[in-house]
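Try each task before you read its solution.

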Amino acid sequence: MSEDVYVVGTSMTRFGRFPEQDVAQLGARAALDALDDAGISLRDVESLFCGNLFQASAMVGQRILQQVGQTGIPVVNCANACATGATAFREAWMGIRAGAYDLALAVGVEQMGKQGLLGGGGGRRGISPEGIVGSGLMPAVFGAAGVEHMRKYGTTQEQFARVAVKNHEHSTRNPLAQYQKACTLEEVLKARTIAWPNTLLMCCPTGDGAAAAVLASARKARELGLGRAVRVAASALTSDPWSDRDLVLPDVSTLTRACARQAYEQAGLGAEDLDLVELHDCFATAEILHYENLGLCGDGEAGKLIDERVTWHGGRTPVNVSGGLLSKGHPLGATGIANIFEITQHLRGEAGDRQVEGARVGLAHVIGLGSACAIHVLEKAA
Amino acid sequence: MPDTPPGPRPIFDFLKLPVDGEPYLEGSRCGRCSATYLGPRLACSRCLARDDFESVALSRTGRLHTFSIVHQSFPGIPTPYVSAIVDLDGGGTVKANLLGVEPDPAQLPFDLPVELTTFVAPRKDADGNEVIAFGFRPRQAEKGA
C-alpha cells in the first residue's frame, strides 16, 4: 500500500463570463491562488496536470506556466469530457502515489464564452442528424435519462424541479457561484422548457472559470503542516461498461455505481459516513439518478429524498451546498477540481456562510458523457 | 473508391433502402452473446468475441422506452420534436424522432408500439444530395387493439 496523498492548497476563481481573459490567464489565477493557499512557490512544484476540454490540443498547461513561471517541470494536459478536471487531479494523485513526485499541481480551466447548447454533433455526410434523427443535445440526453427514472419509479417533474430549487437556493451563500439567485418551485416549472422534463432553471449554464489544487505526499504534507490538509481517502475513475442501451442512451448510472463501489472500498467507509456531497448535477434530472447511484438512498427512493429535504443544507446528507453545476456553474474542465475545492473548504471549516458544521468526510463526483466517472473521497487530516 | 452516383442516400450507413423492399436498419449481432449493434464492430464490446458477427435486418417495429421533448435546439432546427429511445422487437435499441404524435408527455405512454418510417431530410448533404432519414411513428395495426 503506497503512502497517503493530501490536498495542501486549493482555489477557484468565481465562475461566470470573463471574455477579457484568455484560458491561460484564468488558469494562472487559480494556480497562483492555490500555491499561496498551500504556502509554497511554483519552484517547489514538481509536475503540473492541466485539465481543459475545448482547447485540448492547445497546450494549456504550458501556457499557464508561461504566465506564472517556466520552471521546466513535466506538464500533462488532460481531456475527459466533464470529468476533465477530476482526471487531472487524479493523475497528480497517481504521480504522487507512484512516488514520482512529492508536490504536484492540478489545474482545471475552461472558457466557454456564451456557447449555447452542447452535444448534438455527429453525422457522416456533412449533415447533422440533430432534430432529424433524434437529439444528441445534452438537455435531451439527460432529459431522456430522467424520463427513464419516471418510467421505473414514478418520479415526477416536480421532484426533479425541487433539485433546482435547492441548488439555486444554496448558491445564494456562495460568492464564487455564477448565479446567486433563489427561485421557487413554480418559477422552475414555469421557466421555458429546454428539453422535457428539464426547464431552463434545471439546466446548468455555460461559463468560464478555473480551479486548482496542490497535492502532496504524506512526507511533504507533514513538513508543510497537517493543520489545514485534507487526505485523499479515495480516487476512482471508471468508463462505461457495456449495458443494454448505452450506445444510444448514454447510461450514466452503471459507471457511477461501479466508481462509487471502488471509492467506498478504498476509503473504507460508506455513503452513511458522508458529511457532504458535491455531485454532477449538469441537469436536475441527473442529481436524482445520482442519489441512488452513490447509495445516498435505495433504488427508487431518490424522489422521496428530495421531497423530505434530506439533501438540503442542514439535512442528513447535504448535496451541492456550493449551488452545484446548476447554479455555481459548469466551466467543463474546471468543475472536477472546483468540487474538490468545495469539499476541502468544508473539511477545513473555511466555507463561510455555507459551512456544513463539523464536516469530516466529503465526496466529489463528476461524469463526462461518453462516458467517464470520477469520484474522490476527502477526509479531514487533523 | 468508386464514385457514388448523385441521388438520395441514407443519413446513416446502417439505414438500408432496398429498391424492391421496405427500408430497414441493419445491425450486427454477436454470435456468442447476441448483443446487437447498429453498424459493424471489430469485436463485441459486451463479451469481447471477435469476428463472430452476423449482419441482421433489425425489426421495423418496437416500443417506446423513453424520450425527451426538445424545445430549444440549434438555430434553424424546427422545434419541438420528440427524441425517442426505441427498443426494437427481437433486439437492438435505436434513437430517432417520434413522428405523428403530439409533443406532449401526457400523450406519450411508455411501451407505445411504434414502427419505422423514412422521409426526405430537410437538409441536403455536403455535396448537395438529397438525404433519406428515418424515424418512428405509432403502429397503426395495434391502434385500438
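## Exercise 1: A threonine and its surroundings

Leaving out neighbours within four places in sequence, T193(A) is in contact with T199(A) and H71(B). Please keep in mind that this is a predicted model.

**Task.** In which strand is T193(A) found, and is T193(A) buried or exposed?

**Solution.** 
- Step 1: Find the element. T193(A) belongs to strand β5 of chain A, which covers residues 193-195.
- Step 2: Count the neighbours. Inside 10 Å, T193(A) has 23 C-beta neighbours.
- Step 3: Apply the cut-off. A residue is buried if 20 or more other C-beta atoms lie within 10 Å of its own, so T193(A) counts as buried with its 23 neighbours.
- Step 4: C203(A) is 10 residues away from T193(A) in sequence, and their C-alpha atoms are 9.9 Å apart in space.

## Exercise 2: Two pairs of helices

**Task.** Helix α4 and helix α9 of chain A pack against each other; at what angle do they pack, and which residues make the contact?

**Solution.** 
- Step 1: Read off the geometry. Helix α4 (residues 138-153) and helix α9 (residues 284-293) of chain A pack at an angle of about 45°, and their axes are 8 Å apart.
- Step 2: Name the arrangement. Because of this angle, α4(A) is oblique to α9(A).
- Step 3: The crossing of α4(A) past α9(A) is left-handed.
- Step 4: List the residues. From α4(A) come F142(A), G143(A), A145(A), G146(A) and H149(A), while α9(A) brings T285(A), A286(A), I288(A) and L289(A).
- Step 5: Sort them. Five residues of this contact between α4(A) and α9(A) are nonpolar, four are polar and none is charged.

**Solution.** 
- Step 1: Helix α1 (residues 23-38) and helix α2 (residues 60-68) of chain A pack at about 65°, with their axes 8 Å apart.
- Step 2: Angles of 65 to 115 degrees count as roughly perpendicular, so α1(A) is roughly perpendicular to α2(A).
- Step 3: α1(A) passes α2(A) in a right-handed crossing.
- Step 4: On the α1(A) side, the contact is made by V23(A), A24(A), Q25(A), G27(A), A28(A), A31(A) and L32(A); on the α2(A) side, by V60(A), R63(A), I64(A), Q66(A), Q67(A) and V68(A).
- Step 5: The residues of this contact of α1(A) with α2(A) divide into eight nonpolar, four polar and one charged.

## Exercise 3: Checking a helix

**Task.** What span should helix α3 of chain A have at 1.5 Å a residue, and how many of the residues of α3(A) are buried?

**Solution.** 
- Step 1: Helix α3 of chain A covers residues 84-97, which is 14 residues.
- Step 2: The expected span is 1.5 Å times one less than the number of residues, so α3(A) should span 20 Å.
- Step 3: Compare with the model. The end C-alpha atoms of α3(A) are 20 Å apart, which agrees.
- Step 4: Look at burial. α3(A) is mostly covered, with 12 of its 14 residues buried; among them are F89(A), R90(A), E91(A) and W93(A).
- Step 5: See what comes next. G99(A) follows α3(A) and has a positive phi, near 85°.

## Exercise 4: Where the chains meet

**Task.** How many residues does each chain bring to the contact, and which strand gives the most on the side of chain B?

**Solution.** 
- Step 1: Chain B brings 37 residues and chain A brings 30 residues.
- Step 2: On the side of chain B that touches chain A, β6 (61-70), β7 (81-88), β8 (93-97) and β10 (131-138) each supply at least two residues.
- Step 3: β6(B) gives the most to that side, with six residues.
- Step 4: The residues of that side of chain B divide into 20 nonpolar, 11 polar and six charged.

Note on methods. Residues are numbered from 1 along each chain as its sequence is written. Chains are lettered from A and ligands numbered from 1 in the order in which they are written. This is a predicted model: local features need pLDDT of at least 70, side-chain atom pairs count only at pLDDT 80 or more; totals for chains, interfaces and linings use all residues. Helices (H or I, at least four residues) and strands (E, at least two) are DSSP runs, numbered from the N terminus. Two residues are in contact if their C-beta atoms, placed from the backbone, lie within 7 Å. Axes are lines fitted to C-alpha atoms, for helices over the stretch in contact, and angles run from 0 to 180 degrees between N-to-C directions. Angles under 35 degrees count as roughly parallel, over 145 as roughly antiparallel, 65 to 115 as roughly perpendicular and the rest as oblique. A crossing is left-handed if the near helix is turned anticlockwise from the far one by less than a right angle, and right-handed if clockwise. Ala, Val, Leu, Ile, Met, Phe, Trp, Tyr, Cys and Pro count as nonpolar, Asp, Glu, Lys and Arg as charged, and the others, Gly among them, as polar.
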